[in-house]
Amino acid sequence: MADMRAFQDAVTGWATGGPDGPARDLAESLGARTAVLLEGLSDLAAVEALAARRGRDLAAEGVCVVPMGGAMSVGRYAGLLGPPGLGLRLTGLCDEGEKGFYERGLTRAQAPLQDIHVCTADLEDELIRALGTAEVEEILHAEGDFRAWRSFQRQPAQQGRPRHQQVRRFLGTKKGRKIRYGRLLVEALTPARTPPPLDGLLASL
């Protein structure tokens, strides 16, 4: 895992104008064959949690999971990691609203589009629908966030909104909360309830 974190950092440095050498060296030492392009750290937490639940060691399998800091960066990362750069197979997970960025980025990098798995709204939406709001509320309670959740629900802006939308918005109201619950919600899933985009992504690796 330490080597994978180092690779993620090296790729981020390369994508922001740094040297390519560290990323190339780590890709070779890791035996990298596939790069999973993710929008952010909450997606990373979810993918890593699901891989762990299924007994997968993605790094040992040559799979490098890369959070890009936003879908608008996909063209840059696809060019560096895909056929024009390191020559890795590209796959990924994205929100419905960001699908166009992925399609354009992978097309420019001459990578197949069918390996991108699209969430209906976003991954949090998929996980909440898979578990149901009642079970998500149980997790909030177990994590000590239930009082904050109830307070959030009483805000005027939340009145009349479906509970599913309230939960989804609540997860994004505090820094780091989406990352933490990305892992926790995945850990609460049964195999049959794993959202298709997440399940399909892992199955494709």
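1. The charged end of R177 sits over the ring of F170, 4.0 Å from the ring centre. A second case is R104, which lies over the face of F101 at 5.3 Å from the ring centre. The criterion requires NZ of Lys or CZ of Arg within 6 Å of the ring centre and within 35 degrees of the ring normal.

2. On the basis of the note: this is a predicted model, in which local features need pLDDT of at least 70 and side-chain atom pairs count only at pLDDT 80 or more, whereas totals for chains, interfaces and linings use all residues. Residues are numbered from 1 along each chain as its sequence is written, and side-chain values use heavy atoms, with hydrogens and water left out.

3. A search of the whole structure finds three aromatic pairs. One of them is W149 with F152, a stacked pair at 6.2 Å centre to centre with 25° between the planes. Rings of Phe, Tyr and Trp (its six-membered ring) pair if their centres lie within 6.5 Å; planes under 30 degrees apart count as stacked, over 60 as edge-to-face and the rest as tilted. W149 and F152 are three residues apart in helix α8 (residues 146–153), so about one helical turn separates them. Helices (H or I, at least four residues) and strands (E, at least two) are DSSP runs numbered from the N terminus.

4. W149 also pairs with F170, edge-to-face, at 5.5 Å centre to centre and 65° between the planes. Because W149 lies in helix α8 and F170 in helix α9 (residues 163–171), this pair ties together parts that are 21 residues apart in sequence. W149, F152 and F170 form one aromatic cluster. Are its members buried or exposed, taking W149 as the example? W149 counts as buried at 0% relative accessibility; F152 is buried at 6%, and F170 is buried at 2%. Buried means under 20% relative accessible area, exposed over 50%, and partly exposed in between (1.4 Å probe, protein chains only).

5. The domain assignment gives domain 1 (1–121 + 193–204) and domain 2 (123–192); such bounds come from an automatic or database assignment. Taken over C-alpha atoms, the domain centres are separated by 26 Å. The contact takes 21 residues from domain 1 and 21 residues from domain 2, where contact means heavy atoms within 4.5 Å. About 1,700 Å² is buried between domain 1 and domain 2, with carbon and sulfur atoms giving 58% of this area. Buried area is the accessible area (1.4 Å probe) that two parts lose on being put together, summed over both. S42, R53 and R193 supply 41% of the area that domain 1 buries against domain 2, more than any other three residues.

6. The largest nonpolar core has 35 residues, of which L38, L58, V65, L185, V186 and L198 touch the most other members. Helix α3 (residues 41–53) gives the most to this core, with six residues. Both domain 1 and domain 2 give residues to the core, so it lies between them. A nonpolar core is a set of buried Ala, Val, Leu, Ile, Met, Phe, Trp, Tyr and Cys residues joined through side-chain atoms within 4.5 Å. Not counting residues up to four places away in sequence, L185 touches L127, L131, V136, I139 and L171.

7. A second, separate core of 31 residues includes A71, A78, C94 and I116. Six of the eight residues of helix α4 (residues 74–81) are buried, so the helix is largely enclosed by the rest of the structure.

8. Q110, in the loop between α5 (99–108) and β4 (116–119), has a positive phi of about 60° although it is not a glycine. Q110 is exposed, with a relative accessible area of 66%. R56 lies in the loop between α3 and β2 and is partly exposed at 24% relative accessibility. R56 and L202 are 146 residues apart in sequence and 9.3 Å apart in space, C-alpha to C-alpha. Not counting residues up to four places away in sequence, R56 touches A51, E61, L202 and L205. A59 is found in the loop between α3 and β2 (63–67); leaving aside neighbours within four places in sequence, A59 is in contact with M4 and L30.
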